[in-house]
Amino acid sequence: LMDEEHTRHPTQNLITMSTREEISDILRSIERYNPGNLSRFAEYIRDTCQNETYDIEAYLAVLKLYQFNPAKSDIETTRTILLKTMTALPQNDFSLCLYLLPEEFHEDQRIATLIEMYKSLDSCYFEEVWEFLAQDQEVLNCKVRIDTPDAFEYTDVKVVGFKDKIREFIAHVITCTYQVVDSKVATTMLGGLQGAELSAFCEAHGWRLGADGKIFVAHQEEIVKSKNIVESMRFESLIPIMAKNC
């Protein structure tokens, strides 16, 4: 049940340092507002999806270019960006991107579906998300638009490790919420992880799976560190108070 795409296809075609530097240079210059760079950005977005890297500045730059150049806006590329930013939870990158979309994009079913997924995740309705993904696995298949001198084409994109990233967010919620959680509850929250997979997940996050089916999450006293606060007050400052009470 772990992310099969991530398991079958280890990271390949890693984004080179020169590519990162090139995109970084564009983002730091006036060229970030040049619509002629949209195809370069789209290729970079594709690479970040396939190689499990992340660059919110590049994603926001593309959506801002769409704002300035509505004729060049593309809903498929936008959808890919939104799906990718969902993997950054609990960061609010998805919302930041959403604010840059035109109203008609919000009403498009392809975008509305992702918004509902995000709302469910943000509200911790995790079971609903896993049920939806089981019913419509195509939702994780994306595209980016690459312009050519004469036309344009769409390149298929897979957000590698999407389910694993969602599980990491859920693990964050569990750690912040529980000291002890029933393994059946954890299995439901984590999209069906059980047996050896659940044991490995618990071990990776420092949780202890007990023989009684209870998962012992990090104790609160291990997270919260006490701090002694010492206040000092000079005797001279007490004299006026003592004088009033005499």
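Which residue's charged end sits over the ring of Phe152? The charged end of Arg145 does, 3.8 Å from the ring centre; a charge counts as sitting over a ring if NZ of Lys or CZ of Arg is within 6 Å of the ring centre and within 35 degrees of the ring normal. This is a predicted model, with local features needing pLDDT of at least 70 and side-chain atom pairs counting only at pLDDT 80 or more, while totals for chains, interfaces and linings use all residues. Residues are numbered from 1 along each chain as its sequence is written, and side-chain values use heavy atoms, leaving out hydrogens and water.

Strand 4 and strand 5 (residues 214–216) run antiparallel and are joined by two bridges. They belong to an open, antiparallel sheet of three strands in the order 3-5-4, with strand 3 (180–182) and strand 4 (208–209) at the edges, each pairing on one side only. Strands pair here if DSSP finds at least two bridges between them; helices (H or I, at least four residues) and strands (E, at least two) are DSSP runs, numbered from the N terminus.

On to the rings themselves. Aromatic pairs number six, where rings of Phe, Tyr and Trp (its six-membered ring) pair if their centres lie within 6.5 Å, and planes under 30 degrees apart are stacked, over 60 edge-to-face and the rest tilted. Tyr33 and Phe68 make a tilted pair, because their planes meet at 45°, with centres 6.1 Å apart. Tyr33 sits in the loop between helix 2 (17–27) and helix 3 (38–51) and Phe68 in helix 4 (residues 56–68), so the pair ties together parts 35 residues apart in sequence. Tyr33 is partly exposed, at 44% relative accessibility (buried is under 20% relative accessible area, exposed over 50%, partly exposed in between; 1.4 Å probe, protein chains only).

Phe94 and Tyr118, by contrast, are stacked, at 4.3 Å centre to centre and 10° between the planes. This pair links helix 6 (residues 93–98) to helix 8 (residues 109–122), across 24 residues. Phe94 is buried at 1%, and Tyr118 is buried at 11%.

Finally, helix 5 (residues 75–86): 12 of its 12 residues are buried, so the helix is largely enclosed by the rest of the structure.
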